Amino acid sequence: MSHFQNKIIWITGASSGIGEEMCYQFSALGAKLIISARNEGKLKRVNAQLPRNPGSAKVLPLDLEKLSELPDKVHEAISYLGKIDFLINNAGMAVRDFAKNTELEIDQKLMNINYFGSVALTKGLLPYFESQKSGHIVVISSLSGKYGVPKLAAYAAPKHALHGFYDSLRNEIVDSGIYISVIIPGIIQTEITAHAVLGKGENYGKVETAFLKAYPVEKAVKKMIGAIQKRSEEYYVGGSEGITLWINRFSPWLLRRIIRNHPLKKIRSFKKKMKFWN
Ligand SMILES: NC(=O)c1ccc[n+]([C@@H]2O[C@H](COP(=O)([O-])OP(=O)(O)OC[C@H]3O[C@@H](n4cnc5c(N)ncnc54)[C@H](OP(=O)(O)O)[C@@H]3O)[C@@H](O)[C@H]2O)c1
């Protein structure tokens, strides 16, 4: 019998990308799902496509930016089947702009969606997990949760904050029967950049080339589920870009040099110079 058979799993960001793929794979493993995101229509489509018992998930639309509404969403999620075993804090939004061009409202928006939203759901569920003496909280971070690269400041800030919060919380709940897994995806083949925003809130709207040829989402989610089953505290999944985690750990100075001298940056500056001389 699968580890996830009949387990009740609440997945945020279930309407696309990694969250959507999680719905299909957890469903195939016999889990019962509560699926959340803002777009109810997309959630219903995912629900209808579940490999086991299509249409059986509880569709629970929510907007992580509306923090005051989240405690009620937690109660609604618990009351669905009277139990929750896993909370998967996967929903997130990316930004693509320089810090100086990013309005503070956008920094706050990203902080709410990518950090406070997860924290609010976690705080809502914690007393309940404590009383049942079990529960597993999964958090989807990013390489941007470990170091910073240009144009990702507003995204890197909440991802870094997730590590601080969940590392601390994990040390508070030892022996409680509650587990926390922080997953660090590399570049995974989803449309995250198409859903990203620019510094003034405009939609970025295009899937970057690196994401078109990136690590397949099906393979990534399969590995994530394996790590969740093993209750890994921190787990990287993705392609060779994961080497940056090791460089950052053993020589942060070297990683900073690599980021500042990225070949693409050099090509762009060369092109600029050519335009100037033409
Ligand atoms: N793809 C990658 O390479 C990569 C790398 C590192 C980390 N990650 C992380 O993986 C997670 C999933 O990303 P993805 O690649 O699957 O991107 P995605 O396809 O854009 O999925 C993002 C999900 O988050 C939901 N969401 C966005 N804003 C929300 C809000 N205000 N309230 C509730 N839900 C919201 C979206 O649904 P609605 O629009 O319907 O609300 C969607 O279901 C994110 O946390 C992301 O930071 C991805």
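Is I259 buried or exposed? I259 is buried, with a relative accessible area of 17%, and that sits below the 20% under which a residue counts as buried. The model you are looking at is predicted.

**The nonpolar cores**

- The largest nonpolar core has 33 residues, and I9, I11, M22, F26 and L33 have the most contacts inside it.
- Two or more residues of this core come from each of β1 (8-12), α1 (17-28), β2 (32-36), α2 (40-48), β4 (86-89), β5 (135-140) and α7 (217-229).
- Helix α7 gives the largest share of this core, seven residues.
- Another core, of 30 residues, lies apart from it, and A77, I84, L121 and V139 are among its members.
- As background, nonpolar side chains tend to be buried together in soluble globular proteins.

**F26 and F4**

- Leaving aside neighbours within four places in sequence, F26 is in contact with F4, I9, I11, A31, L33, I88, I225 and I228.
- F4 is found in the segment before β1.
- F4 counts as buried because its relative accessibility is 1%, under the 20% cut-off.
- With neighbours within four places in sequence set aside, the contacts of F4 are I9, F26, L29, G30, A31, F86, I225, I228 and Q229.

**How α1 meets α7**

- The axes of α1 and α7 come within 9 Å of one another and cross at roughly 65°.
- The crossing in which α1 passes α7 is right-handed.
- From α1, the contact is made by G17, I18, E21, M22, Q25 and F26.
- From α7, the residues taking part are V217, E218, V221, K222, M224, I225 and I228.
- By type, the residues of this contact are eight nonpolar, two polar and three charged.

- In helix α8 (residues 243-250), the buried residues are T244, L245 and N248.
- These residues lie on the same side of α8 because they cover an arc of only 105° around the axis.
- An α-helix has 3.6 residues a turn, so residues three or four places apart point the same way.
- On the other side of α8, the exposed residues are I243, W246, R249 and F250.
- The cover over the buried residues of α8 includes β6 (178-185), β7 and α9 (252-260).

**I259 in α9**

- Helix α9 is where I259 lies.
- Beyond neighbours within four places in sequence, I259 is in contact with Y147, G148, V149 and P150.
- I259 and L67 are 192 residues apart in sequence, and their C-alpha atoms are 35 Å apart in space.

**P54 in a loop**

- P54 lies in the loop between α2 and β3 (58-59).
- P54 is exposed, with a relative accessible area of 54%, which is over the 50% needed for that label.
- Apart from neighbours within four places in sequence, P54 is in contact with N47 and A48.
- Between the C-alpha atoms of P54 and L254 there are 49 Å, and the two residues are 200 residues apart along the chain.

- K151 has a phi near 70°, a positive value in a residue other than glycine.
- The loop between β5 and α5 (153-172) holds K151.
- K151 is partly exposed, at a relative accessible area of 37%.
- R231 is also a residue other than glycine with a positive phi, in this case near 55°.
- R231 sits in the loop between α7 and β7 (234-237).
- R231 counts as partly exposed, with 41% relative accessibility.

Methods: Residues numbered from 1 in each chain as written. Predicted model: local features only at pLDDT ≥ 70, side-chain atom pairs only at ≥ 80, totals over all residues. Heavy atoms only, no water. Core = buried A, V, L, I, M, F, W, Y, C linked by side-chain atoms within 4.5 Å. Buried < 20%, exposed > 50% of the residue type's maximum accessible area, 1.4 Å probe, protein only. Helix = DSSP H or I, 4+ residues; strand = E, 2+ residues; numbered from the N terminus. Contact = heavy atoms within 4.5 Å. Axes fitted to C-alpha atoms, helices over the stretch in contact; angles between N-to-C directions. Left-handed = near helix turned anticlockwise from the far one by under 90°. Nonpolar A, V, L, I, M, F, W, Y, C, P; charged D, E, K, R; others polar. Arc of directions from axis to C-beta.
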